[in-house]
Amino acid sequence: MEWINAIVQGILLGGLYALFAAGLSLMFGVMRFVNLAHGDFIVAGAFGALLLFERLGLHPLLTLVIVLPVMAVFGYVGQRLVLNRVVGRDILPSILVTFGFSVILQNLMLEQFSADSQRLSAGALDTASFAIGTLSIGAVPLLMFGAAVAVLGGLNWFFGHTNTGRLLRATSDDGEIIGLMGADRRHLFAVATAIASAVVAIAGVLMAVKTNFDPSAGPIRLLFAFEAVIIGGLGSLWGTLVGGIILGVAQGIGAQIDPGLQILAGHIVFLIILVVRPQGLFPKQKG
Amino acid sequence: MPVSNTDAARIGFFLAVLIGLATGPYWADRGTMRLLIEAFYFLALAQLWNLLAGYSGLISVGQQAFVGLGGYMLFTLTMFAGMPVVVALPLAGVLTGLLAWPTAMVAFRLSGPHFAIGTWVIAEVYRLSFAQISALGGGSGISLPTDIVRGMADGRAARESMTYWIALAIMLAVIFGIWVLMRSRVGLGLGAVRDNEEAATSVGVRTVRLKFGVFVGVAAMTGMIGALIFLQKLRITPEAAFSVNDWSVLVIFIVVIGGIGSLEGPILGCILFFVLREFLADLGSWYMVILGVISVGIMLLEPRGLWGMVNRKRRFTLFPITRQVDQNP
């Protein structure tokens, strides 16, 4: 029974990992760009929620009303002003610039919020749970999983049914040709980053409610997001959900064997899948 | 086309610096020597990372894997196999190189930015694995027994001088090794791979084998440096051994600020890094913010770093490796 419980909790945790991964996957898909500060932006979103909760007394989930648009605008402007300058065939500048951002952001948060571990309380929601047979499923993990399905479904619909979505897919297929067709590549890149940042905001706020976090918690989130993307296969949004679930279940089973093995088990399952099936489970584009 | 290296002024400059550094134990106090040892191993790590990222297009954020492995190998070989330190030190490098082999087989399945994060994941796997080994102290680490340290040389001063010379020798071997490598066929091949992998393959450069060899070789040297670092520290923990902040962030900042893709850049970056640290270390996390802002600014404005700025007009070079067309055939 404990094992089944560990697996179910792992599946639900996979939803949060899919939310971590969706932004990373989207940015790589559209502009072949990997943001090494991705995890730190998630943590920044969590601290944003904490700040609003403490200062304005907003309910943790309601902080999204402010955190989400702020991060989306920040993403758009950041892409236009800085990141567009380093997107290109040479991947070195983009990796090193975002790596620099990661260190800057971590240390700014450390200066502002100290190294203390933080957590946001969502009140009664924290302890609410549903019983299915002898299984007890928490409301927060269920909410996270539902949010992941809704976000991924929404993104899929957006890419399939809207004009901007189709343009972004075309940019993903060939970013240089799209410029010849009269589309503004710099704007499209910034739109992609804005959407990714909005997803990061959702992931950050939900993470703040689900787990403890501190200013140095970003890099490990980047690694989880990356693992979910690679397991799922590049370019597949639903793939990242499967990737997140596999990672979550691997960690759940690892923790069940020995609490010290939780993170290690996830990494090892990732490496095994990388060796056995380097293109991931549902690949749609090439690296 | 041979490149000119018979510049008398340059040779004189190298000799003066060499003699100055080699006689360090005779003129430097203990604090200065510790600082110099640290500068030597940071410079060696920076040059090795630069060989990967700047010359071979392999951008790794996981070199702490090999620093940590080297450190743990030294402790294992001296404590459990009873080896003397001078034997264990190079052997730690060799063993780290052997472990880099399977590591590379996994990491090379990823390319570009994914390779960078993949190497980081693998370094985390090593960190978490060593935290599980109770014979090596698990998560809380282990100290080097005093009889092993005493066995190195008679007396504290002799021991510190020996550590100093080993560090200096490793740094010089790394710098001149890379210089010789870059002037050889291998260097030419690496440059071609970095600039355009497909084109390089089409003219007969064996790209995968070349990259693989460089990655494993760099890992072995990094492992030896890791062994030296923890020989000096006398204590090892998984957190310190596989620290991304110490062995990747700082090293990458040194290379980026000094100038990626040149041998002079990391030297300049290393000097600047230690000078800044002397003045700004009290600032704590603001110091890291400043380093981060400088390195992001440099990537955006002058990707060739400080060396690129200094050297924009004059084509002066300490370590000539670029091939030039002979004007007077």
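Hi everyone, let me start in chain B, where B:Gly265 has its place in helix H14, residues 264-280. Helices here are DSSP runs of H or I with at least four residues, strands are runs of E with at least two, and both are numbered from the N terminus. Before going on: this is a predicted model, so local features need pLDDT of at least 70 and side-chain atom pairs count only at pLDDT 80 or more, while totals for chains, interfaces and linings use all residues. Residues are numbered from 1 along each chain as its sequence is written, and chains are lettered from A and ligands numbered from 1 in the order in which they are written.

Is B:Gly265 buried or exposed? B:Gly265 is buried, because 27 other C-beta atoms lie within 10 Å; the cut-off for buried is 20 or more, exposed is 12 or fewer, and partly exposed is in between, with C-beta atoms placed from the backbone.

Which residues does B:Gly265 touch, apart from neighbours within four places in sequence? Its contacts are B:Val255, B:Gly258, B:Gly259, B:Ile260, B:Gly305 and B:Trp307, where contact means backbone-placed C-beta atoms within 7 Å. B:Val310 is 45 residues away in sequence, and its C-alpha is 10 Å from that of B:Gly265.

Now over to chain A, which has 11 helices and 2 strands. From the N terminus, the order is α-α-α-α-β-β-α-α-α-α-α-α-α. Of its 287 residues, 54% count as buried. Among contacts in chain A with a separation of 6 or more, 77% join residues 24 or more positions apart. Finally, the C-alpha atoms of chain A fill a box of roughly 60 × 50 × 35 Å along the principal axes. Thanks, everyone!

Methods
Two residues are in contact if their C-beta atoms, placed from the backbone, lie within 7 Å.
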